[in-house]
Amino acid sequence: MEKKLFIANWKSHKSNQQTTDFLSYLKDKINDYDLSDKEIIIAPPFTQLSYCKKFIEDNSLPVNLSSQNVSSFPEGAYTGEINAGQVKEYAQYVIVGHSERRKYLHESDTDIENKIREAREFGLKIIQCIQDENSVIHSGADIIAYEPPTAIGTGNPDNPEHISEVFKTIAEQNPNIILLYGGSVNPENIKSFLQVKNLSGFLIGGASLDAEEFLALL
Ligand code: PGA
């Protein structure tokens, strides 16, 4: 059975204590959920990746990890950068091309292409965010997360009919790609997206920060 992906994108949130609280809650409640058709992936900030990995392993939690970004450079003299080999020590996935990075960090398609090249070299699974059906889909991306910027953090998600149209356009050109939706997904509206053909899961920001709310999405 194909599992639906539930990716928690914590963005620039969570201290060590807040991470502990989230994971402890998850540990206590996770067995109440049927996860046979679901995969949970947490994308914490880099500072919490190592701790999350240890907590997940120590408590045998059914959770995989992603980074929210990766360096477009290999190992070397790149102050402040975290390269794909370093990410791979902690995470199975990497998110690239989020519209917040394009907007605030001025990331370009060339940067994203380089990040994908680096991530592939270390066998990370690549979740590329796209903003609309005209966005460049880079070869090497394993998963596409369609996230219209007007839907991110606004409480105004795209509607299932339009998401279906966008997915159709993408799938015509990229037949085997895994398609996710993201942008103001919450426990109240999540069911409405299940009518979208070819939907393989969600990239969730705000609603993934609170453990109870995140579990409600499952
Ligand atoms: P949101 O963010 O769920 O808070 O809209 C989604 C994202 O940017 O990944």
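Me: Where does Lys 11 lie?
Reply: Lys 11 lies in the loop between β1 and α1, where helices (H or I, at least four residues) and strands (E, at least two) are DSSP runs numbered from the N terminus. This is a predicted model, in which local features need pLDDT of at least 70, side-chain atom pairs count only at pLDDT 80 or more, and totals for chains, interfaces and linings use all residues. Residues are numbered from 1 along each chain as its sequence is written, and side-chain values use heavy atoms, with hydrogens and water left out.

Me: What about the phi of Lys 11, positive or negative?
Reply: Although Lys 11 is not a glycine, it has a positive phi of about 50°.

Me: Which side chain meets that of Lys 11 in a salt bridge?
Reply: The side chain of Glu 100 does, at 2.8 Å from N to O; a salt bridge here is a side-chain nitrogen of Lys or Arg within 4 Å of a carboxyl oxygen of Asp or Glu.

Me: And what does the pair tie together?
Reply: Glu 100 lies in helix α4 (residues 99-105) while Lys 11 is in the loop between β1 (4-9) and α1 (16-29), so the pair ties together parts that are 89 residues apart in sequence.

Me: How many salt bridges are in the whole structure?
Reply: A search of the whole structure finds 10 salt bridges.

Me: New topic: which residues come nearest to the ligand?
Reply: Of the 13 residues around the ligand, Lys 11, His 98, Glu 147, Gly 153 and Ser 184 come nearest, and a residue counts as near if one of its heavy atoms lies within 4 Å.

Me: How far is a ligand oxygen from the polar backbone atom of Ser 184?
Reply: An oxygen atom of the ligand is 2.7 Å from a polar backbone atom of Ser 184.

Me: Where does Ser 60 lie?
Reply: Ser 60 is in the loop between α2 (46-58) and β3 (63-67), and this residue has a positive phi of about 45° although it is not a glycine.

Terms used: Polar contact = N/O pair within 3.5 Å; in protein donor to acceptor, adjacent residues only side chain to side chain.
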